[in-house]
Amino acid sequence: MKKSTILLLVIVYIVSFFVIGLLGHSIRNYNPEVYPESVEIIDPDNRTEMSKDTVDPDTGELLYHYYFVYKNYKSGDSVRIKANIKPDNCTYPDVKFTKDESDTSFKIETHETNPNIEKNFALITLTDELETVLSTPFFVSTTNPGSQIKLKVCITFVSPLLS
Amino acid sequence: MKKAKLSTLLITLLSLTSLVACNPGEITSSSNNSGSSNQPSASSAIELTAIALNKTETSILLNSTETLTVTFTPNNATDKEVEWSSDDATIASVENGVVTAKKIGVANITVKSKKNASISATCKVTVKDNVILSNVSAKHEFVLYEQNKVKDEKNDDGFYDHTQSYKVGDDNAFNVKPALTVLDAKTYQPVSASQWLHDFTISAKLGNDTVGEEYFKVLDARECNVDFTEAAVGKTFTISIAPGGVDASKVAQFTKSITVDVVDGYNVYNAKELGYFDTRPQDYEHDVPRMEDDNNWKAKWAEFKIANNMNPDYLPASLILQTDIAVTANDVPSNFFYTAEQAAALGDTKAAGSLVDFTFFYERTVAGDMTIDGNYFDLDFSAIPLIKRERQKTTAEGAVIGHAAAFKAIAGGDITFRNINMTGNAKKAASDEDKIYAGGIIFSKAAGSKSLKAYNMIATKFYITFFGEDPDTNGDPFTEFELDKVKCFDNYNSFLYNWGSTVTAKNSLFRSCGGPVLIQDHTNTDTYESNNGFVIDGFAPVANFIDCTIKNYVSGSEAWFQQFNATSVTNDIKMLSDLFYATGLPKSFVTNDKGEGKLYQALATAGENAFFNFIVLNKSGRAEGITTVPACGTVNFTNTDKTITFNYRQPPVDDPVYLAYVAYNTASDEEKQAAYQALGAAALAKGIITDPNDPEAGNKIMGYFESLCMEHMMLRGVNNNGGPVFDFGERFGLLAYDGRNPFLQPIQNVVAGSASQFTPTQEQLANMPNYCTIYYGGMALVMELTPYVA
C-alpha cells in the first residue's frame, strides 16, 4: 500500500470517526472490584531484625522490599512471616509466595502446602546445616487480575559462629 | 704505634664531646626511630642488619586497609629509613606501611632499607571479598515467568495456557544474570549484586552440544549479557550461568540455567523501547485541533527515540518483553499530554499533564506482521494520567467518551499479542468529578490491518479491550479479531467494540465490566455516504463466542450485548457452548439503542451454579426488538440418528416445575387455577411459603419455581408431526446443563423463518450436526444442539 494511501486512510478514518459516531452509551451504577493497594510483610514472632526498602546506597537500586536477619540460627529453626493486604475489603485478600524452585537450600511452606498454616502466612526453613550465612530470597505477590503487587523479600539466617 | 693510638683516642673523645654539646637528644631519637626521616650521623652509625614485618601473610577485605609495622635489628640501628612497595598495586597498594586492598587477588608487600636494599621483609597480602555471596537464584524475571506460567487458570491472575516457552529475540543483547544475594561481610545487610566482582562462566547448549559463536556470544561475562545470532532463530537453547569466586563445593548449587526459544525480534527491557512498535508515517499530523502547534507525532516519536539512544528507523519483526514493564508519562513523547500552557489556553475542559484524547501511544501503519510476546510478564499502563474528556465529558447517565489507545494498527498485517498480562488505567465514576477522568485508555484499536490477534492474555481495567473500526474507504478488508484464551476483567465501557470486524472469541473469559461484553456499532449492510461525503461500503459484523465464559457485572443495568447506530440487520452474534453466569440484578442479554429488545435472563435468584450452554443472538438495530420473559423447560437432542428430538417431556402432574409452567402459560383459567393450587401445596410442603393466604405468597412461589424452570426447561408445544415448535412470542429455550462441544461450521440457511414457527424436515435435520441457525424476522437464533444426556 502506498504511503499516500495510508495517509489518506488515516485522515479519512479520523475525520469519519468524528462525524460518523461516538461511543455514547451509559455506564451506570458500576461498583468495581476492590484491588489490593499495598502489602505489608511482618515477622509476627519478632525473632528477626527487619529492614524495609533496602537499597544500594550508590546506585539506589532496590535490593529487597523487606529484609529480615535471623541470628543465632540453630538447625531446624524456621521463621514465620505474614503478609497483610490493604484495604481490608479487598476483593483479592490472598497472596502467593514464590521462590526459585531450582534453589533447594530452603523451603517455603504455606496454607496451600500445609493446611495447618494460616492463609497469608509462610514458614521458611533451611534444608541443610548452616555453615555461615544463607539468604532465602523469594517473592510475595497478590492474586488480582492485571498487574499484581510483587514484593522482593529475603530472610538471612546467620550461624551462631558469626552471630 | 703508641703515638697513633693516643691520637685516635683523643679524636674520638673530642668528637663525642662535640656531639653531646651540639644536640644530645638527636642521638636518642635516631636510635629509636623506625621511620625514614632521621639522618643518622655517618660517623656514629649502628649498622642495620635486618628488618621484619609484624606479619608475613595477611588477608584484607576489599576496600579495607591494614597497617604493617616494621621491626629493626638491632633495634638501635642508626639507619632505619625504609621503602615500601607492592608487586601489584592494583590489588594492594602501600604507603608508609598502610596497605589498601583495591582488587581481589594476591600481592606481596615489601619493605626494604633505603640504604641497603638487601635488607628487606615481605608480607603476602590476600585481598578477599568484602561481601558474602549468600544465595544465587535464577534470574528474577525467569522465576516470575515460571511462577506465572504455572498459575492455575481458575485463578483470576492465572493464564489459560501454561505451556508457552521463554522467548528471546536475536536483535539485541539478552541479560541472563542470576539474582545474587550479596551481603556486607560485617553487617550481613544486603548490598548490590554489582559488588560481587567475579566474572561468570556462561555457555549455551543446543541439545547436548555446547554451541559456539555461530549461535551465541558472551558480550559481558561480569554483567552476563549474551547475544544470539540470526542463525539461532527458531532453535531452543539452554544457557548455563556459573558465578566465579565461590568454593568448588558450591559451584553446582550456584549454577543456574534457563531454556529459551530464540525468535526474530528485539528484547524489551524498559517502556521506552515499546516505541519500536510505532511506525507512524512521516509527516503524519494527528488531527487534534487543540494541538496545532505540536502535532507532528511521527517527528515527536523520532525525537524521543534519538534522545533515548534508540534508532528511529529500526523496525523489529517482534518485541519480546524481558521483564514487567510499567509505562509512565516519561516513556512516551511529551506531546501526548497537555502542558500547563495548553490546558490554560483551552479552559477548564483540560487538565495539565493529562493524556490528550485520541492519543495512540504505539501506532503501526506499515505492511507486515508484528508480534508482542510478553513471556507472561506485566505490561502496565495504570500510571498514565487519565484523560479529562472534552465535549462536556459525560452524559446525564454518566457516559464517558474515550478514544485514546495503547496500541493502534492500521492497514498492516497480522498484529499479535500473546502471553501478556495487561493493565489499563480505567477508574470508575464514583463522583461527578471522577466521571470526567474515568474510563482510561483502550488497549488496542485496529482498522484495515489483516487481523488483530490475542492469545493467552489477561486484560484488566481498560476502557475497552479490543476495538475494531471502520476503515473501508479503499476496499481494504476489515480487521478481523481473533481472541483465544483471553481473560478480560473489569473494563469500563465494554470488552469488545465492533464496527464491522469478524470477531471470534474462543476459550475466553469476560467478567465484570462496566458495560456490555460486546457492542456492535454502525451496522449498515448497504453502501452509504457519510456526512462528510465519503462513500463507505456496508458491513455486517459477525461475532462468534465459542467455549467462552461470560460472567455478570458487579452491578449495573446494561445489556451484555448491545447495538448502536445500526441501520440494518446485524449478522449473527453466535454464542456456542458458552457459559453464562449471573448473580444479583437481572441482566439483559441484548438490546438496541432504544432500549428495546431485552432478553431478560432468568437467573436472578439461581446463583453462580446455574448456567446456560446456549447460543443466541442477533437482532436488528432499528427494527423490532425481542421481548421475552423467563423461559423454562428442557431441550434435549440426540445426534446419533441426526434426529432432533426436543424431548418434550410430560412431567409428573405434581412436578412443581411443570405446575409453574402451567400456571404461567396455560390459557385456561381452570387449568391455571388448578396449577396454582397444586403449586401452592408444593410450596407449602417445601417451606417456600408458610401461609397460603399471605398476599406475597404468589410472588414467592413464582419467584422460586421460575428459577427452577431454568433447570427443567420445557418447550411450549409440539407441532402436528410431533417435532419441536419454537414460539418466539414469549419464550425460547435456555438449556441448563453443560454440554460443551467443539465448534463446528454453521449450516447456512437451514430454513427461512416463516411466521413464528420452525419445524425442521428430516432432510434439514440430517444437515444439522450440531447446531442450526433459525432466522426469524429481523432476528436469527443460533442454537447449539447438545446431545441429550439422560
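Guide: Happy to. A nonpolar core is a set of buried Ala, Val, Leu, Ile, Met, Phe, Trp, Tyr and Cys residues joined through side-chain atoms within 4.5 Å. Buried means under 20% relative accessible area, exposed means over 50%, and partly exposed is in between (1.4 Å probe, protein chains only). The model is predicted, so local features need pLDDT of at least 70 and side-chain atom pairs count only at pLDDT 80 or more, while totals for chains, interfaces and linings use all residues. Residues are numbered from 1 along each chain as its sequence is written, chains are lettered from A and ligands numbered from 1 in the order in which they are written, and side-chain values use heavy atoms, with hydrogens and water left out.

Now to the core itself. The largest one has 132 residues, and those with the most contacts inside it are I239(B), V327(B), F381(B), F407(B), F510(B) and F545(B). Because domain 2 (131-264) and domain 3 (268-515) of chain B both contribute residues, this core lies between them; the domain bounds come from an automatic or database domain assignment. Another core lies apart from it, with 24 residues that include L53(B), V70(B), I91(B) and A121(B).

Let us stay with I239(B). Contact means heavy atoms within 4.5 Å. Beyond its neighbours within four places in sequence, I239(B) touches, among others, F174(B), V176(B), I202(B), F216(B), F228(B) and K256(B).

That last residue leads us to the charged pairs. A salt bridge is a side-chain nitrogen of Lys or Arg within 4 Å of a carboxyl oxygen of Asp or Glu, and by this rule there are 23 salt bridges over all chains. K256(B) makes one with D100(A), with the closest N and O atoms 3.4 Å apart. K256(B) lies in strand β20 (residues 256-263) of chain B and D100(A) in the loop between β5 (95-98) and β6 (106-110) of chain A, so this pair joins two chains. Both K256(B) and D100(A) are buried. Helices (H or I, at least four residues) and strands (E, at least two) are DSSP runs, numbered from the N terminus.

Within chain B, E223(B) forms a salt bridge with K177(B), their closest N and O atoms being 3.5 Å apart. E223(B) is in the loop between β17 (216-220) and β18 (225-228) and K177(B) in the loop between β12 (174-175) and β13 (179-184), so the pair ties together parts 46 residues apart in sequence. E223(B) is partly exposed, at 32% relative accessible area, whereas K177(B) is buried, at 14%.

R280(B) and E363(B) form a further salt bridge, with closest N and O atoms 3.3 Å apart. This pair links distant parts of the chain, 83 residues apart, with E363(B) in strand β24 (residues 360-364). R280(B) counts as buried at 1% relative accessibility, and E363(B) does too at 0%. Elsewhere, salt bridges that share partners join K150(A), D324(B) and D378(B) into one network.

Finally, back to strand β20. An open sheet of five strands in chain B runs in the order β11-β20-β19-β15-β16, with mixed pairing; two strands pair if DSSP finds at least two bridges between them. β11 (167-169) and β16 (209-210) stand at the edges with a single partner strand each, so one side of each has no neighbour in the sheet. Strand β15 (residues 200-206) pairs with β16(B) in the antiparallel sense over two bridges, and L206(B) stands opposite D209(B) in β16(B).
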